[in-house]
Amino acid sequence: MTLRIDISGLPSERMRFAASPLAELTAMLHVLAEPGHHPQFAGWAADVWAGLRPELAERLREAEFLWRSSQADFLIPARPRLTLAEELDDVDRIDDEKYVTAALVTTCGSNRVHFFGASPLTDTTARERALDVAQARGALQEAFAERLLADPAAVRARVRHTLEECAEAFFDGAWADVAVQLATDLRLKNELLRRQGIGAALASVSGAVTLAPDGDCIIVDKVQDKATAARGTGVTFIPSVFGRPHLVAVHAPGWHPVVQYPVAEPSPAEPVSLETVTLRLEALAHPVRLRLLRTLARGPHTTGELAHFWELSPPEVSRHLAVLRRAGLLTARRHGRYVRYTLNLPDLTALGADLLAAVLR
């Protein structure tokens with residue numbers, strides 16, 4: 001499962017690495033809405049909530065659907081500016097139909113296909129479908145969707161005012177704290193892009209972002225099967241401190257592809273690929289393999305020993321051990337005539353965290 005961004009024929013200057021105040025504010029708002037995703041910022045989130053004026057806190061909860069489960073596409077700029085005000089001005093230039101559709105997709109937690117092809121602002125059927133989906137999500141979502149469809153200009157102005165108040169309340173100080181880290185990361189990425197090319201720059205973004213062997217496609221390892229094209233527009237990569245561990249990708253039709261990636265921690269661990277996590281889950285889904293792991297957790301064993309212990313045939317045990325080895329859960333070492341299998345306990349122990357990281361990516 002991947003997101004594929006077609007970059008065939010794209011000039012290198014169309015690959016942009018730049019910091020975005022609006023994208024980082026959006027990442028902060030997501031932390032405030034979902035602190036469980038970001039335990040390293042739990043203390044910061046608690047302090048911010050404690051210091052917010054009640055009116056602003058209420059407005060954040062009112063519009064949190066724009067950044068809680070996913071981020072509205074217009075909050076991750078394709079062409080980052082130096083200031084939050086400039087980026088908000090760019091958002092103001094987006095037409096109502098595009099803004100409302102993006103907002104409804106995040107508010108309703110629904111696939112864009114529910115709205116694409118007809119505007120809920122002008123098409124009665126599309127409008128009713130959008131409101132039905134919002135109602136199924138909850139009363140708050142329904143109320144927000146109703147306001148958005150009834151008076152998009154008023155909702156847009158209210159969202160902008162809320163974001164501007166966030167700047168004064170907590171963003172300006174937090175942005176100053178992370179600016180140096182973001183600038184350092186950008187210097188590295190742009191130097192790699194200039195000297196070694198897109199492959200090296202992508203490798204430094206994340207182990208979950210790679211260049212296809214033919215160089216015509218960027219592959220993002222995420223729990224989705226999507227594709228988009230950057231021809232004629234380019235791709236923008238935005239570093240984020242508060243976005244860790246998420247890889248946020250703007251890929252919907254009509255939007256410039258953007259990837260917001262987490263700036264690496266001082267000693268980053270290479271992310272385990274979704275393919276590896278899937279292999280391990282499938283390997284553990286068979287009761288015989290769980291029995292074999294139970295024995296191997298107590299120490300190294302040969303195929304014959306495992307077959308005798310569990311009253312299985314050696315060929316059957318070998319087949320199950322091969323599955324576990326392909327998943328990286330076992331190590332085989334030869335000792336004279338015998339091959340002994342050892343459980344890779346650290347990888348098995350980390351599976352839960354690896355699965356969570358792959359899902360949140």
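The charged side chains of the protein chain number 40 positive and 44 negative, and the centres of the two sets lie 9 Å apart. Here Lys and Arg count as positive and Asp and Glu as negative, while His and the chain ends are not counted; each charge is placed at NZ of Lys, CZ of Arg, CG of Asp or CD of Glu. This is a predicted model, in which local features need pLDDT of at least 70 and side-chain atom pairs pLDDT 80 or more, whereas totals for chains, interfaces and linings use all residues. Residues are numbered from 1 along each chain as its sequence is written, and side-chain values use heavy atoms, without hydrogens and water.

**Overall build**
- The C-alpha trace spans about 75 × 50 × 45 Å along its principal axes.
- You will find 15 helices and 10 strands in the protein chain, taken as DSSP runs (helices H or I, at least four residues; strands E, at least two) and numbered from the N terminus.
- Of the 361 residues, 47% count as buried, meaning under 20% relative accessible area with a 1.4 Å probe, protein chains only.

**An open sheet**
- In the order S3-S4-S1-S5, 4 strands form an open sheet with mixed pairing; two strands pair if DSSP finds at least two bridges between them.
- The edge strands, S3 (209-211) and S5 (226-229), each pair on one side only.
- Strand S1 (residues 2-6) runs parallel to S5, joined to it by 4 bridges.
- Within this pair, Leu3 stands opposite Lys226 in S5.

Technical notes
Buried < 20%, exposed > 50% of the residue type's maximum accessible area, 1.4 Å probe, protein only.
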